[in-house]
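Hi,

Here is the structure I promised to pass on.

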Amino acid sequence: MMRMRPHNILLALGLVAGGFGLNGRAEAPRPNILVILCDDLGYADVGFNGSKDIPTPHLDALAKQGTICTTAYAAHPVCGPSRAALLTGRSPHTLGGQFNIPYFNHQWGVSTKEVFLSKVLQDAGYFTGILGKWHLGEGHEFLPNQRGFDEFYGHLGGGHKYFPEKYRKEAEKRLEAGDTKIPPNTTPQLRNGKNARETEYLTDAFSREAVSFIGKAAEREQPFFLYLAYNAPHSPIEAKQEDIDKMAQIKDKMRRKYAAMVHCVDYGVKRVVDALKSTGAYENTLIIFLSDNGGITRFADNTPLKGGKRDVLEGGYRVPMFWHWPGVIPADRTFAYPVLTMDFYPTLSNLAGATVPEGKMLDGKYIWSDLLKNQNPHPDELIPVISHRSKYTDIAGRLNEWKAVRSGLHWQLYNLEQDPCEANDLSRQHPERMKDMVTMLNKWANTHEMPAWIYSDEERERWKHNPNPWFEGTFDLQ
Ligand code: CA
């Protein structure tokens, strides 16, 4: 864990005395920041990461004009904790956010003591918006508009059906009758806290709202921060027929639909880029694209990585990612060193010239200079990940090229540079390294907070009586 280090905005932008920076640009204004987050998107389900069957031409074009991060890690292999980490800059485990927040419980959410990235950017004069999935608390004090977002259009829960016309009537009828527990994935979309009547396929709706937000931002004197958090391609697997038809080459029906969902996101990104260009914002907008966790292996493709969503194997939390900013982020480049989503907070707040609150705890670091110079931002640092299963824990840690992982019953050791597929267990050849890394992970696990929300009373009792109930035996090497 580290505290925010102060960096000068000019240094952050790579500018030098005299007012000229990279590529001779005159001193640049603060960038707009657009984070496009997909949900459960497989590592290899975008063309820029090698997809052969899902066309994503618009994402691929941006990726090619930017830097593709091939070793980007979400902080957790499921949605809620991963998103909490992205917006707080903290590990979900030191935050008490190890689990998804259960539905229909307004008392739970990410602590209001945590100042979100959106809030520090808003305080720095940014026009801020979130479109799509929230998943960080449903009570009033936890809502996006209370956490630094000027504009919110989307839903609060972890998943949502995509065709409003198919569920809206029934949902509205039940809501009018006072039923507060309609299926959470059929709730109306909210616009700044109020129910809205959506009619479009949800991915298209969020793309439409993004275009609208960019238009509004163009009328202001402020830079913007837009967190475009598509719920696609998270289940339910629902796609438009016209997109499904374009994926006819995919034989598996489920994958065909999933591919159509991804393709629709890609088209949405085209609309967003067109809006940036038509408003003149494109040249000064930093775009970061990523997924919140790995794809579900039944229909997503995390090749060449092993495992998928919920796993501490690479396929669970190593996600597709690129950074794009014309003339600033190097084009046509692959960045193979680790990038953490927890790095966004210190890095983006710094780029924005924002003030991070005194004492704010951050588990990622400022990586801008390293990203530009193609240097490892995390040398000799342990990069841990945990997935609490029913009655046991999966855990892993990466240190430089080495990864110690317990996924299931036994500890294993991999050299990720030689073996990114985690196929060749080297624990017997390197018992001391194995032992040291397990010891480091055990030490880290002892810094965890009790979960701030949890599914059942029974589990809550277990956590009360034992600080880490699911760790029993986890750090035994036998
Ligand atoms: Ca997810």
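First, some housekeeping. This is a predicted model, so local features need pLDDT of at least 70 and side-chain atom pairs count only at pLDDT 80 or more, while totals for chains, interfaces and linings use all residues. Residues are numbered from 1 along each chain as its sequence is written, and side-chain values use heavy atoms, with hydrogens and water left out.

The whole chain

The protein chain has 14 helices and 19 strands (DSSP runs, numbered from the N terminus: H or I of at least four residues for helices, E of at least two for strands). Its radius of gyration, taken over C-alpha atoms, is 22 Å, close to the 23 Å that the globule rule gives for 478 residues, so the chain is as compact as a globular protein of that length. That rule is 2.2 Å times the number of residues to the power 0.38. Along the principal axes, the C-alpha atoms fill a box of roughly 65 × 60 × 50 Å.

Two domains and where they meet

The domain assignment (automatic or from a database) gives domain 1 (29-373) and domain 2 (382-464). Their centres, over C-alpha atoms, are 26 Å apart. Domain 1 puts 30 residues into the contact and domain 2 puts in 31, with contact meaning heavy atoms within 4.5 Å.

About 2700 Å² is buried between the two domains, and carbon and sulfur atoms give 62% of that. Buried area here is the accessible area (1.4 Å probe) that two parts lose on being put together, summed over both. On the domain 1 side, H93, F99 and V312 supply 27% of the area buried against domain 2, more than any other three residues.

For polar links, the rule finds 14 residue pairs in polar contact across the interface, both residues at pLDDT 80 or more. A polar contact is a pair of N or O atoms within 3.5 Å; within protein, one must be able to donate a hydrogen and the other to accept it, and residues adjacent in sequence count only if both atoms are side-chain atoms. The elements giving two or more residues to the domain 1 side are α4 (92-95) and α10 (314-317).

Salt bridges

How many salt bridges run between domain 1 and domain 2? There are two, where a salt bridge is a side-chain nitrogen of Lys or Arg within 4 Å of a carboxyl oxygen of Asp or Glu. The structure as a whole holds 30. One of them pairs D332 with K64 (3.0 Å, N to O). D332 sits in the loop between β12 (321-324) and β13 (333-335), and K64 in helix α2 (residues 57-64), 268 residues apart. D311 and R389 also pair up, at 2.6 Å, N to O.

Most residues other than glycine have a negative phi, and most peptide bonds are trans. The bond from A232 to P233 is cis, with omega near -5 degrees, and P233 lies in the loop between β9 (224-229) and α8 (241-246). T303 and P304 are also joined by a cis peptide bond, omega about 5 degrees. F104 has a positive phi, near 60 degrees, in the loop between α4 and α5 (117-123).

Cheers
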